[in-house]
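Work through the exercises below with the sequence and the 3D view at hand, and try each task before you read its solution.

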Amino acid sequence: MVDAPPKKRLGPEPEIVGIADISLALAELAWIDSRKATVQAALDAQIALLKGQAEAKLQIAIGRARVPFAQRIAELQAAIVAFVEAHPEEICRDGKKTRKFTHGEVAMKLSQLGVELIEGYTWDDVVKAVEEQGMPRFIRIKKELDKRRLITELTDEKLAVDDLEPLGLAAKEPAETVHIKLARYTCETPAAL
């Protein structure tokens, strides 16, 4: 891998005046692409190292074990929920559903009515059953324009271009576009930033 940009390049305001200039521009684009990939690989390696170091710091000693914060948070919250569900009277006092503590509060809240799948059913099964039971009001249908079909009918001349304007559309004629594909270079070891 070459670490320096190509020696021969276009000027600060590049202008292509011939095929040779395209080759110069592509060489520089390929170098820039390769350099970006190398720097990104080094950055990714540093991020992975820093994440590992941070994860080692985001632990708490419990007995002889070190437990990640996320695990400990889940355990403590589950323990609080289990106690409160078993002893709601400890939280709900004097008609209040919230109990304040020095470092936070615990509250009982009534969730909203919801629906859930019965084991063995999928949402597709439910939609089919709703249709079969004659309850279409519970099915939401998303409407969207079928552009592919419009284009097909324009191409097959089943639909005239003049028919588009009343719909708020105009035909967009096919146009040649320029695509640039760079040669890919790989490096075995990312360079240090």
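**Exercise 1.** Decide whether Glu153 is buried, partly exposed or exposed, and find its salt-bridge partner.

Step 1: Glu153 has a relative accessible area of 24% and is therefore partly exposed, where buried means under 20%, exposed over 50% and partly exposed in between (1.4 Å probe, protein chains only).
Step 2: The side chain of Glu153 meets that of Arg149 in a salt bridge, at 3.2 Å from N to O; such a bridge is a side-chain nitrogen of Lys or Arg within 4 Å of a carboxyl oxygen of Asp or Glu.
Step 3: Arg149, at 55% relative accessibility, counts as exposed.
Step 4: Both residues lie in helix H5 (residues 147-155), 4 residues apart, about one turn of the helix, helices being DSSP runs (H or I, at least four residues) numbered from the N terminus.

The model is predicted: local features need pLDDT of at least 70, side-chain atom pairs count only at pLDDT 80 or more, and totals for chains, interfaces and linings use all residues. Residues are numbered from 1 along each chain as its sequence is written, and side-chain values use heavy atoms, with hydrogens and water left out.

**Exercise 2.** Locate the salt bridge between Arg72 and Glu75 and describe the exposure of each residue.

Step 1: The closest N and O atoms of Arg72 and Glu75 are 3.6 Å apart.
Step 2: Both residues belong to helix H2 (residues 69-86), 3 residues apart.
Step 3: Arg72 is partly exposed at 24%, and Glu75 is also partly exposed, at 36%.

Definitions and conventions: Helix = DSSP H or I, 4+ residues; strand = E, 2+ residues; numbered from the N terminus.
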